[in-house]
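Let's walk through this fold together, one region at a time.

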Amino acid sequence: MIIGLGNQEPGTRNTSAETRAESVPTCISKHTINSTAQTSLSPASMTLVDSFSAALAHREAKSARRRLTVLPRTAVDFSSNDFLSLSTSSAYRERFLALLNNTPPSFPFASGGSRLLDGNSAYAEDLERFVADFHQAPTALLFNSGYDANVGVLSSIPQPGDVILYDELIHASAHEGMRLSRAGPRKIFAHSSAAGLREALLAQMAEDPKIAAGSRNVFVVVESIYSMDGDVAPIKEFIAVVDDLLPLGNGYFYVDEAHSTGVFGPKGAGVIQELGVQDRMFIRVHTFGKALASHGAMVLCGPETREYLINYARSLIYTTALGFPFLASIRATYELLQTGETESLQRRLQQLIRHLRQQLAALHTAESVMFEVDHFPTSPIISLRTSQPRQLASFCQAKGFVVRAIMPPTIPEGKERVRVCLHSGNTEAEIDELAETIQSWLNQSSTKISKL
Ligand SMILES: Cc1ncc(COP(=O)(O)O)c(C=O)c1O
């Protein structure tokens, strides 16, 4: 057994999980479908729906098929992104319901259209100012989700010929935005590696003299905390690389703070404000569907960028804006952050993280069983790496704990794991029981393996 509690080791140089996911159905030729899914249909008689079934069977065979699941409400949550347990907090509920109830009877609860038509309101604009002030940003622009924000911004902001350098583990939505973008080269760099960023940037500079001359823009796209590995990006090291190689100021940082919002930084403002480098970020994306128990996302940026997005970000323009109940729920959580009411939840979460680390460090198993804990010290996301993630997850689920096996294509091949997320509302007793359950599974698995 290897139990390592240090930083996550850099990932492989695979293309993004979701990009790889997309490639499966489209690259299956009829011939491949027949051989991999072992269907009796001749290629000519394959219908569209048959090809879906074959693609699904192909995933099933690779243990990669996704399914919707509903777990019992009594199960203990070690899986959701509700890190501060705000979704069940009475303080949040009361504030949210008060905002809903304090509107006049005729106040529209539906937005009625796109932000650019009837979906805008003084309430939405005031919320944007409130969130921008909280995050010490010049302005904020509300999108319907983090997915929409990443797609809308990355597809429209980089200009033709611009360079995008992105961490190999960035989220699928950022990949989707980059795919739609008019940028020139889009180059991957090794996960959270400042040396990798330097190498990728130097390679582009060697190809395009406009970069060193300052007339070609370079976007560096990272997350502050990675959703699957839970590690915090070395933002200051990245800034040092960009300052060194692009002193003329044509390097622009794009940071997705989806998983740090509410959890890290002063009053939960995120990693960037914790580091005090907010002025160095060109764009920050904060999403509200995780620790903030709501929905939607804000893009923090300068006023010209905001105006540009209002004109060019298609995922903002061509969709119905969030209605008042969502705006009120975002307002309710940001008021809780602003008043410092969530700070005790942040502290409690850190206590529980320390407790779980201790429990996991005490686990033991036979040498023959691959089991490794990957964990960044203060992160609520913990990876239990094993060659049998589905078995471990099912064992824990049967004992009443919600944990999930994370398989390729969501993560690179060879990085299978059970993802454990901690929440302020978890208890030490629940953590102890989870650790005991993992220990029982390890004991049982060792026995099984040693019998082979
Ligand atoms: C890093 C990251 N960015 C963006 C998103 C998308 O945000 P949303 O769920 O609000 O669409 C997610 C997760 O869903 C995420 O993990």
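Eleven of the 15 residues of helix 14 are buried, so this helix is largely enclosed by the rest of the structure. Buried here means that 20 or more other C-beta atoms lie within 10 Å of a residue's own; exposed means 12 or fewer, partly exposed is in between, and C-beta atoms are placed from the backbone. Helices (H or I, at least four residues) and strands (E, at least two) are DSSP runs, numbered from the N terminus. Please bear in mind that this is a predicted model: local features need pLDDT of at least 70, side-chain atom pairs count only at pLDDT 80 or more, and totals for chains, interfaces and linings use all residues. Residues are numbered from 1 along each chain as its sequence is written.

Helix 14 covers residues 324–338 and reaches 20 Å from its first C-alpha to its last, close to the 21 Å expected at 1.5 Å a residue; that expected span is 1.5 Å times one less than the number of residues. Among its buried residues are F326, L327, I330, R331 and Y334. What do the buried residues of helix 14 pack against? Their partners are helix 4 (90–101) and helix 5 (122–134), where contact means that the C-beta atoms of two residues, placed from the backbone, lie within 7 Å. After helix 14 comes G340, with a positive phi near 80°.

Now turn to strand 7 (residues 281–287), where six of the seven residues are buried. Strand 6 (residues 251–256) runs parallel to strand 7 and is joined to it by four bridges; strands count as paired if DSSP finds at least two bridges between them. In this pairing, F253 stands opposite M281. Strand 8 (residues 297–301) is also joined to strand 7 by four bridges, but runs antiparallel. There, V285 has V299 as its bridge partner.

Beyond its neighbours within four places in sequence, L392 is in contact with L384, T386, V418 and W441.

Finally, look at the ligand. Of the 13 residues around it, S145, G146, Y147, S227 and A258 come nearest; a residue is near if its C-beta atom, placed from the backbone, lies within 6 Å. Helix 6 (residues 146–156) gives the most to this shell, with three residues. By class, the shell has three nonpolar, eight polar and two charged residues. Ala, Val, Leu, Ile, Met, Phe, Trp, Tyr, Cys and Pro count as nonpolar, Asp, Glu, Lys and Arg as charged, and the others, Gly among them, as polar.
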